[in-house]
Amino acid sequence: MAKVTPLSGFPEWLPAERRIEQHVMDTFREVAELHGFSNIETRAVEPLDQLLRKGETSKEVYLISRLQAEEEEREKESQKLGLHFDLTVPLARYVLEHQNDLAFPFRRYQIQKVWRGERPQDGRFREFYQADIDIIGQDTLPSHMDADVAIVMAEVLGKLPIPGFTISINNRKLSQGVFEALGLSDIEGVLRQLDKLAKVGEAEVRKLLIEQVGASEEQADGCLAFASIKATHEDLADKVGALGVSSDDITNALEELSFVIRTVNSSVPGACIADLSIARGLDYYTGTVFETFVEGHEDLGSICSGGRYDTLATDNRHSYPGVGLSIGLSRLVSRLVTRSLVTATRAVPTVVLVAVTDEEHRETSVELARVLRSRGIAAEVAPSAAKFGKQIKYADRRGIPFVFFPAEGGAGEVKDIRTGEQAAADAHTWQSPEDDMSARVVAATPGN
């Protein structure tokens, strides 16, 4: 067989690394369900014209077609399908399609693969998992829901073995109010340029504001002064007021943003701050916007982002406003794995390897393993009746902590191969230490 050439941008984790990925998924799932979010899964493909409605470049979309498709079929634009590149476009379609069967506000979480045709690099893949939570209303959605989704994400991240995190929050209505008070009219253009601050720096953004948005030097300086503000809910209004601009829209947006920060930090102290440089380039955000950064790993970019959108979907009867946040799950897992920030206590779920005395008595070992499994203890039977020393080495290579040497009737002896301790045991009553009952994911010890 020819040598296999790996495909860049399509990660495949080893078992211990996959355990870390599953841990992140399980944590997300558990916290979301504690907050009353229901799980859905949508199809992998959507009509191409729907995938492009968010303004994403068509260069990132993977098309789906049959190898033997007829020429006329390939030419019909209405029949073109693409793999979804996020979970928001499928959600919009799902809500419209099932609106009569859903109870609003609809609280949904989703963990699913998405595909983007971009250049693979550190933390960026062509095929990757996203984990989303959204609350969707019908015609109206209370503003306090913005805080609800941020609290869920803060609790998820707080349960993961990461160094620390900050959810940075802004409000598009506050940005718009300030920019209008500065005399600017191309609000979307200003936001697009400010969204480049982290990539190109303040001097380049100032130049872009003047050359591409038509801002004066004073207006560009005002935009950059606004974007430099980082604050708590307590000093946010004072810092914005120091810009010398005011309006009812600014006042209302400040109250909305301060409420979200105060509410989230009441549930998860220190989780978020106001960062008015957060712009979120996509133009469908209409209110609160979020970006999340891991402490000491800011080069990774935002691992969790989203915001408020008042027109997720509309039909002839209703509009569907929503607010949501999305974790770039594969991006986060990649950093946890490649920087050895976390480790799995073992790669396999097996707690006990049941040894086989000889092939004639394999059924004894199979029955003993069956008893252990009936009690919730993950067990597997040795693949061969080799010498016990070789069976122990097999368990060690697999990362299985215990070996059970069987006798008749479920009795025998159990050896902890990590310590060498061995004692009499019975499969009907023996219990491993709680920490060994499942493979765990723990923060790596500093220096290791």
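**Ground rules.** I am working with a predicted model, in which local features need pLDDT of at least 70 and side-chain atom pairs count only at pLDDT 80 or more, while totals for chains, interfaces and linings use all residues. Residues are numbered from 1 along each chain as its sequence is written, and side-chain values use heavy atoms, with hydrogens and water left out.

**Overall view.** I noted 15 helices and 19 strands in the protein; helices (H or I, at least four residues) and strands (E, at least two) are DSSP runs numbered from the N terminus. I also noted that 48% of the 448 residues are buried, and I kept the cut-offs beside this: buried is under 20% relative accessible area, exposed is over 50%, and partly exposed is in between, with a 1.4 Å probe and protein chains only.

**Salt bridges.** The count of salt bridges comes to 26. I looked up Arg-18 and Glu-21, whose closest N and O atoms are 2.5 Å apart, and found that they are separated by about one helical turn because they stand 3 residues apart in helix α1 (residues 15–34). Arg-18 is partly exposed at 29%, whereas Glu-21 is buried at 4%.

I then turned to Arg-418 and Asp-436, whose side chains meet in a salt bridge of 2.8 Å, N to O. Arg-418 lies in the loop between β17 (411–416) and β18 (422–426) and Asp-436 in the loop between β18 and β19 (441–443), so the pair ties together parts that are 18 residues apart in sequence. Here Arg-418 is partly exposed at 48%, and Asp-436 is buried at 10%.

**Strand β6.** Is Asp-132 buried or exposed? I found that Asp-132 is buried, with a relative accessible area of 2%, and that this residue lies in strand β6 (residues 127–136). The side chains of Asp-132 and Ser-326 are joined by a polar contact of 2.6 Å, a polar contact being a pair of N or O atoms within 3.5 Å; within protein, one must be able to donate a hydrogen and the other to accept it, and residues adjacent in sequence count only if both atoms are side-chain atoms. Ile-135 is also found in strand β6, and I recorded Ile-135 as buried at 0% relative accessibility.

Methods. A salt bridge is a side-chain nitrogen of Lys or Arg within 4 Å of a carboxyl oxygen of Asp or Glu.
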